[in-house]
Amino acid sequence: MSMSSCASTDIINVVTSVEDVVSQIETTFAQVGNHLGRGHAIFQDLNGGLALLSDELSGAKIEGATTALHDIAAKLTGLADVLPQESALLGAIGASANEASNVLKPLVKQIQMVMIIARSARIEAAALDTSQESFLDFTQEAFELAKAVQVSIDACSDDQQRLVDAINVALNRQREFEGRYRAQLLSVSDELTSAHSGMQNRQADSVRLAELTSASTKRIAEAVGVAIVSLQAGDSTRQRLEHVCRGLRIAAGSEPGLVPAGIDVQADERTARLICQLQVSQLKSSATSFDGDIRDIDRSLRALVADATEIVGNGRSLYGGDGDMTSFLSTMKQALAQASALISTCESSRHSVEDALSVVEETLGKFRSAITALAETIVDIILIGMNAGLKAAQLGVKGRAFVVIANELKATADNISAGADLLKPILDNIEGSAGSLKELRAEGDSSKMTDLEPSILRAIQEIEAGNGQLNQLMARLVQEGSQFEALMADAQTSLSVLSGKSATLPQTARQLEASHGSPIKLSAGEAPTVDHVFDDLYAQYTMVSERDVHQQFAQRVGLSSKPAVNEPVQEQNGVDDVLFF
């Protein structure tokens with residue numbers, strides 16, 4: 001019984017429909033494989049870009065800027081903290097200087113009293129009848145000693161006034177600077193400290209994101225592997241569909257099969273019908289497995305896009321998206337510039353304190369020399385008075401007035417000595433306060449503060465250089481991320497078109513099944529003839545799945561189930577790697 005031309009035409013239409021799907025599979029898988037290979041290379045660049053971004057944020061430039069931020073902030077805070085202490089010490093020096101003035105004034109009067117007493121003694125000495133010349137020498141020596149001391153003390157009084165003036169100027173300027181700039185120093189210090197903390201956080205984030213990138217790389221490798229396996233499995237469906245088309249062409253008589261001579265497949269409608277029914281089973285099995293392969297590939301592509309998006313997002317969060325990093329670095333630069341301006345202002349305003357300390361050192365030296373000389377002079381004056389008093393006592397009534405004068409001279413000298421003793425602790429206080437002030441200023445030494453200027457300039461330059469490189473890296477990261485997403489989107493579009501095409505396979509199988517009915521079990525006499533044709537079909541199979549379907553069908557219709565002559569390959573190895581890379 002031969003197959004009708006109408007049935008042959010139906011089979012050829014089915015073959016055309018299936019071949020259309022085969023062609024679409026081949027085209028789509030070639031495109032998807034190529035996109036997958038290019039996308040994987042871009043993804044590696046994305047990972048490399050993020051690693052560079054992470055390295056840049058923990059690199060020498062940013063690290064140097066971060067260290068400078070910390071150091072400058074600490075200096076500014078230290079400067080702000082010592083301002084009240086310096087003002088207090090300057091106030092203490094000023095108070096001690098005023099106290100010294102209160103001691104110097106009566107001391108000057110006491111010395112003037114010595115000179116007056118010496119003049120009185122000279123008058124009395126001139127009235128003596130005997131030893132007149134000797135007493136005149138005593139009084140002249142006392143007068144000259146007192147005169148010398150007066151010159152020294154007058155100089156001390158002048159220096160003391162100069163000290164008071166210098167301290168007042170320094171204190172006024174110090175308080176003015178403190179009132180105007182201390183809050184700014186603390187504010188800028190806080191900004192720099194916050195910036196330092198922000199940079200440290202970003203550096204810590206760079207380490208964390210490097211770890212996330214490593215995990216993303218592993219996931220990407222796995223997703224690529226799954227996609228490749230799914231593509232290979234899908235390509236095995238293409239081969240299976242080609243085998244289906246060949247079987248249908250044999251059934252339609254448009255292609256000869258490898259069958260023994262004398263057997264006309266086309267004339268044997270029962271054989272042709274069985275071949276068509278076998279291809280229905282193969283089509284159903286292929287459509288089911290291919291649908292799963294398409295879903296696997298689509299999931300892999302979506303996973304790749306998600307991980308690429310995550311990497312770009314990690315870069316944005318690390319760098320600071322939407323200009324955040326640029327704004328952050330601009331704020332740092334502005335704070336550094338403000339710090340530089342404050343340091344310059346501080347330097348100019350603090351010169352008066354340096355001048356005051358210089359006056360203190362100079363004055364202290366003169367005061368101590370004057371007190372030492374005064375002590376020695378007072379001893380000499382007392383000795384002169386004592387000797388003069390002893391000689392005057394030997395003169396009896398005539399020397400009585402001179403004895404009184406000598407006693408007054410000694411008493412005045414004792415008062416001067418007491419005044420000098422009062423001056424010593426005052427000078428010690430001034431010296432102690434000045435020493436403490438110098439120590440405070442040594443911590444914020446002007447030269448050290450000036451040394452911050454190069455650090456600030458270097459930090460700004462490093463921030464600008466680092467920001468430029470970060471901009472380039474971020475632009476590259478975003479560009480490559482967009483390229484990757486575009487490739488994967490194109491692959492998904494192609495896959496969607498293919499999915500629509502492949503969705504016709506189940507309907508094609510149902511149409512073919514409706515045309516040729518359900519399989520009927522062959523008799524023992526009919527089976528050998530059909531077996532030869534099925535053996536030819538079985539020999540063309542390269543996939544385990546299609547051989548399984550064939551054997552199950554053969555058993556169902558009463559044909560022999562023969563083992564494969566050659567072991568078929570697994571579906572995932574049925575495609576050339578050149579499709580993907």
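Colleague: How many salt bridges does the structure hold?
Modeller: The structure holds 18 salt bridges, each being a side-chain nitrogen of Lys or Arg within 4 Å of a carboxyl oxygen of Asp or Glu. This is a predicted model, where local features need pLDDT of at least 70, side-chain atom pairs count only at pLDDT 80 or more, and totals for chains, interfaces and linings use all residues. Residues are numbered from 1 along each chain as its sequence is written, and side-chain values use heavy atoms, with hydrogens and water left out.

Colleague: Which residue forms a salt bridge with D159?
Modeller: That is K366, with the closest N and O atoms 3.5 Å apart; the pair links distant parts of the chain, since D159 is in helix α3 (residues 132–252) and K366 in helix α6, 207 residues apart. Helices here are DSSP runs of H or I with at least four residues, numbered from the N terminus.

Colleague: Is D159 buried or exposed?
Modeller: D159 counts as buried at 9% relative accessibility, whereas K366 is partly exposed at 38% (buried is under 20% relative accessible area, exposed over 50%, partly exposed in between, with a 1.4 Å probe and protein chains only).

Colleague: And what does E362 meet in a salt bridge?
Modeller: The side chain of E362 meets that of K366, at 3.3 Å from N to O, and salt bridges that share partners join D159, R162, E362 and K366 into one network.

Colleague: Changing topic, what comes just after α6?
Modeller: There G396 takes a positive phi of about 75 degrees.

Technical notes:
Helices (H or I, at least four residues) and strands (E, at least two) are DSSP runs, numbered from the N terminus.
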